[in-house]
Amino acid sequence: MAKILDESLIYEILSVVEEIPEGSVASYGQIAALIGREKNSRLVGRVLSRAEFYGDYPCHRVVNHTGRTAPGWREQRFLLEQEGVEFKENGLVDMKKYQWRV
DNA sequence: CTAATGACTGTGG
DNA sequence: GCCACAGCCATTA
């Protein structure tokens, strides 16, 4: 398991991702804010893209602020639909209903 | 050291 | 809604 990012940063991000309830989604910026790094939304995405190397995390419950799923990862939509998350005609998650409320 | 990159976000047209 | 542009910042080359 190669160490790509700073451990503490990985831990903070993944621990938040872990708390996302089933049937809900969170945005990168939302997670970044929760760990006190509002400007680091891009870092959140970087960690999630490699999350599989760190363990099993529900990284499929994280989308960008428009509700778009990760590019090049079709399975994500399928996984969310299995949890009851609905998608709109334009292929975006219905954030209005399913965005994680803290 | 500098420069480019990206699973991002906010603003403005 | 779409597109272009500008911040953002750790990682990579």
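User: Which backbone nitrogen does the side chain of Glu83 reach?
Analyst: In this predicted model, local features need pLDDT of at least 70 and side-chain atom pairs count only at pLDDT 80 or more, while totals for chains, interfaces and linings use all residues. Residues are numbered from 1 along each chain as its sequence is written, chains are lettered from A and ligands numbered from 1 in the order written, and side-chain values use heavy atoms, without hydrogens and water. The side chain of Glu83 lies 3.2 Å from the backbone nitrogen of Gly23.

User: With which side chain does the side chain of Glu83 make a polar contact?
Analyst: A polar contact is a pair of N or O atoms within 3.5 Å; within protein, one must be able to donate a hydrogen and the other to accept it, and residues adjacent in sequence count only if both atoms are side-chain atoms. At 2.9 Å, the partner of Glu83 is the side chain of His60.

User: Is Glu83 buried or exposed?
Analyst: Buried means under 20% relative accessible area, exposed over 50%, and partly exposed in between, with a 1.4 Å probe and protein chains only. Because the relative accessible area of Glu83 is 19%, this residue is buried.

User: Which atom of His65 lies 2.7 Å from a phosphate oxygen of DNA strand B, backbone or side chain?
Analyst: His65 is among the closest of the 15 residues that surround DNA strand B, where near means that a heavy atom of the residue lies within 4 Å of the strand. The N or O atom of His65 at 2.7 Å from the phosphate oxygen belongs to the backbone.
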